[in-house]
Amino acid sequence: QVQLVESGGGSVQAGGSLRLSCAAYGYIYSSLCMGWFRQVPGKEREAVAVIYTGDSSTWYADSVRGRFTVSHDNAKNTLYLQMNSLKPEDTAMYYCAAAFFGRAYCTGGNWRRDFSYWGRGTQVTVSS
């Protein structure tokens, strides 16, 4: 079992930056596929950025590519999302997720199976 705890959300003006963190606890026996997802009330959850901790391979949604950077500190078992040039449409609840997916499936961007572990979320609000 893996527990995920997010932090770092908040309110910022458009054009600003925030960094989200997600600490992973529990029995982590191999490389993880870890990612950030976001959801706005009334809309479907969408994937934002994903990383395979084994070799730091990544996947990004088109809407955030070039503005957001996902990274992972293996020593701390912590996932990060650096968000720059934030826009009002980035406003959402951001969730950290993890699963023991292989590298190719992790970074393929087409997950037919849901991630196994989820955090409780952290709110990001971007004002215009």
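Phe101 counts as buried, since its relative accessibility is 6%; buried means under 20% relative accessible area, exposed over 50% and partly exposed in between, with a 1.4 Å probe and protein chains only. Tyr105 is buried too, at 16%. The two rings form an edge-to-face pair, 4.8 Å centre to centre with 80 degrees between the planes. For such pairs, ring centres of Phe, Tyr and Trp (its six-membered ring) lie within 6.5 Å; planes under 30 degrees apart are stacked, over 60 edge-to-face and the rest tilted.

Before going on, note that this is a predicted model, in which local features need pLDDT of at least 70, side-chain atom pairs count only at pLDDT 80 or more, and totals for chains, interfaces and linings use all residues. Residues are numbered from 1 along each chain as its sequence is written, and side-chain values use heavy atoms, leaving out hydrogens and water.

Now look at Trp111 and Phe115: their ring centres are 5.8 Å apart and their planes meet at 70 degrees, so this pair is edge-to-face. Trp111 is buried at 18% relative accessibility, and Phe115 is buried at 4%.

Stepping back, the protein chain has one helix and eleven strands, where helices (H or I, at least four residues) and strands (E, at least two) are DSSP runs numbered from the N terminus. Of its 128 residues, 45% count as buried.
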